[in-house]
Amino acid sequence: MGTTASQLGKDMLSEYQELTFLTKQEILLAHKRFTELLTKDEKDLPNTRVPMDRILTLPELKSNPFRKRICDVFSTSEYKDGGLTFEDFLDLLSAFSDSATLEIKSHYAFRIFDFDDDGTLDCGDLEKLVNCLTGETDDTRLTPEEMRQLINNILEESDIDKDGTVNLSEFQHVISRSPDFVSSFKIVL
Amino acid sequence: MEEHKTVNFMRLLSDDSTHSTVSSDSCEYYQTEIFDLLPSIQASRPEQSRKPSEAYQDGPVPGEESVHGHLSSGPRDKAPTQPLRNMVICIQGKRSARERRKMQISESWRRSQSINRKRVWAQIVGALSGLLPWQHTLHAIEGRFGVGVKAYFVFLRYLVHLNLLHCALICGFILGPTIFYGSSKSSEPLKFGGNDSVLDFFLGSGYLDRSPVFYGFYTRGSLNLQCLNTPLLYLTGILTILFLSLILVVRRTTVGYKHTWMLGKRYSMNMSYKIFCGWDFTIQDPAAAALKRSFIRNDLKLFLEEQSFSRREAQRTLGQRVRLYLLRFFLNLLVLALLGGAFYLIYFATKTSQDEIGHHWLVSLVLEYLPPITISFVNLLLPHIFRKISSFEDYSFTMQVNATLVRSIFLKLASLGIYLFFIFKTTKHQPHPVQCLENLFGREMYKLCIFNFLTAFCNAFFLNYPRKLLHEKYPSSFLARLCGKQHFLVPFNVLDLVYSQTVSWVGVFYCPLLPLIEAVTLMATFYIQKFSVLRCCVAEQRMFRGSSSSVLFHFMLLLGLLMAAATLGFNLYRQEGTHTGAFPGPGNIRGLANSSLRSSCGPFGNGLSVFNVTGVCVDSLPGPAQSTLRYLASSAFALPLILAEILILTSYVSRGRANQKAIERLKDMLVMSSSDKRFLVKQHTTMLRRQRNPCRVRPATIEENQPLTLSHEN
């Protein structure tokens, strides 16, 4: 708390270092990039919340199909508008950093993929997820028949307890056996 | 009992893949109110998604509050020593968690120390991984061409590392001792002059023949103890190289095998990986993102296509099946005929190249290179024919690639084998005695190696690049349309790599610097292939499966290594046979063969052989060691060895089976408990509805009592 937007105190810096996976340089860089997003009069206010559409102009997020979900998940806004404060932004970078653990990464990945925020990945979530991956337009989308087959496949493989949805532990089970998840679930400024 | 039955029923249902009923049924179940209150769901529920619901309600409800208190203490109690940043909550939450923790000073100091240590360690690891060459190039290639093409380049890098390791070993075991303890003869100044010409670098004759490149250079030096002399070091070096390669390659193969095949279809997570780990969050470039999307789409489509193909395959009628098998039979006959023809061609070329007498230098150069040219030509042409043939056989796409690969590797290794065989045969009947037969053999391998590289070079710059230019300049011309767009054919390029590595292993005994040459050419190949991929090729529409095929790559490499070891063993054994005169043949010819085969150069010159030198060493050892070694080498040792292997194998197999059973049992338990949960939740909601009680205070208390009463009812 109490960060003026223009500079970052030394004790704040060490606190952020303790609470996130980021190094000092990374935090400073993140601060610089974040203040660039602020308008002139916002710079003097502490704890400004940058709206989602301005966050999405960052090149690191611009071409990511899950950019809106990422903002939603990391936002602590009470209005659920996906706006990020500097600390939310640090949270985001920490989860996507090199040194974050598989546990953390898979947890956030699960929440990003859980489009309706109900705690499990059901058929609707999976369909949205696949559409994000293949592209949203009509000619890039899979046909309904293919989609049905695909979702059946996913559930057959990873829905271990056969309740028709993929829950967090099942998701983490799948993720833990993928060698390159940690290296690909990464956003570095 | 009744409950147990329903569980099995559910399990059956889901196994019969009637997912629609299960999922529609469960749709109801996880949308019920009590589902949200289950501890397992709440543990994974994000904190802020609860906040609004709290805000929307008309004031805090006592029951809800208690649930909250229980919740926020949940993760903290679970792992009080867990670092704060490992908790899945926002920074504000972490701060309050820290307040609650009230760490002792020493503990916090220790923690900050461990954080620092970890940070330093992470930096070291990062710096080390930055040292791995070509990381950036690999990433760029993967971004544009997918995992399959990247697998090729990773394989190439692995071979470069392997060859550099070989170089280090050769420097230590062979080159070093020869330089320090070299005999007076080899210290003659190596001069480039006289009859030497640049051509010698391509033929491996003349100047190179006298240089350290070949076997003949390494004579027995002044280091002449019984168990420590240059011949023995030479032998140790070569054997170490072969053994080390064997271990490394087998390790890579088994690791990949375990990942792909051992786990089997039952536990395969292919599809889920592709969906859950499919997106690369590091992508920033919009073009790369579009490419990645198309890759994922194509990959999914390919997978679904393969799946429906296998379903179609299962539905074939008997008549169709018979027709297909007949077709496959004839196509296999055709493949065999093609292979036979190719082998005859190689035989013919080798024969022609051996009887060269006094031609113009250009003609003699062509004749010298006739066998490598023929082999390369055959190897260039036939795999493409095999690819066409396998497309008629109605296999799935991956199976097509694998069939082509297996046929081509057979062709490659067999043609190399035939070539080696003829070299053996012709060197035996050399009309005039040559100074150093081993050098002759090494020279052939040297030529093959150089020629391979030249082919790759020419292929890239004189074939692919002009084609690409043609396509760019005149996209509508007939020729350009005939050629079509170029794709990077991973299997064939991998075949080339395996082949050249095999040549290097076969030749290393006779041409010790071959690994160095191989490493240099491989590095050059990397840049050439990078050029041809990034500049000349377009991304394939159909993806090549990376992970399962890398097992096949390494398996082929293993075949090559075995072939190299067999060649070396055969060669040494043949020398030994003629050397001791174990088979007294009809005087004249045998005598001639003896005199020409007995090497007069290299570390094992002057009537020494590999078996002699080791024998002398063994004789000098103390008695018990000697008898142990003799026992180890005798056939009496084979029986206990085999028995021990069988025992170890059996124990591993049974352990694997037991684990598999345990996995099955655990899965069954999971299914059972989850269907229990589902059943209870449903029962609970129906009861709630019956009571028509909208009270929101109850669930927390009912949650505790409900299971008990329900089980009583049952």
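Which residues of chain A does the UniProt annotation "domain: EF-hand" cover? According to that unreviewed entry, residues 101-136 and 146-181 of chain A. UniProt positions follow the numbering used here, feature names are shortened, and annotations may be inferred rather than shown by experiment.

## Ground rules and confidence

This is a predicted model, where local features need pLDDT of at least 70 and side-chain atom pairs count only at pLDDT 80 or more, while totals for chains, interfaces and linings use all residues. Residues are numbered from 1 along each chain as its sequence is written, and chains are lettered from A and ligands numbered from 1 in the order in which they are written.

The model scores ipTM 0.86 and pTM 0.65. Chain B averages a pLDDT (the predictor's confidence in each residue, from 0 to 100) of 72, with 66% of the residues at 70 or above. Within chain B, helix α22 (residues 514-536) comes out highest at 88, and helix α24 (residues 587-597) lowest at a mean of 39. Helices here are DSSP runs (H or I, at least four residues), as are strands (E, at least two), all numbered from the N terminus.

Two stretches of chain B stay under 50: residues 262-267, with two contacts beyond four places in sequence, and residues 696-714, with 23 such contacts. A contact means that the C-beta atoms, placed from the backbone, lie within 7 Å.

## The first EF-hand span in chain A

Residues 101-136 of chain A are 67% helix and 0% strand, with end C-alpha atoms 31 Å apart. Helix α8 (residues 123-134) of chain A has twelve residues that should span 16 Å at 1.5 Å a residue, and its end C-alpha atoms are 16 Å apart, so the two agree; the expected span is 1.5 Å times one less than the number of residues.

Buried residues of α8(A) include L126(A), L129(A), V130(A) and L133(A). Buried means 20 or more other C-beta atoms within 10 Å of the residue's own, exposed means 12 or fewer, and partly exposed is in between, with C-beta atoms placed from the backbone. Just after α8(A), G135(A) takes a positive phi of about 110°.

## Where the chains meet

On the chain B side, 54 residues are in contact with 65 residues of chain A. Helix α14 (residues 286-314) of chain B gives the largest share of that side, seven residues. By class, the side of chain B has 27 nonpolar, 16 polar and eleven charged residues. Ala, Val, Leu, Ile, Met, Phe, Trp, Tyr, Cys and Pro count as nonpolar, Asp, Glu, Lys and Arg as charged, and the others, Gly among them, as polar.

F276(B) sits in helix α13 (residues 270-276) of chain B. F276(B) counts as buried because it has 26 C-beta neighbours inside 10 Å. Leaving out residues up to four places away in sequence, F276(B) touches F171(A), V174(A) and I175(A).

Chain B has 28 helices and zero strands, and 27% of its 714 residues are buried.
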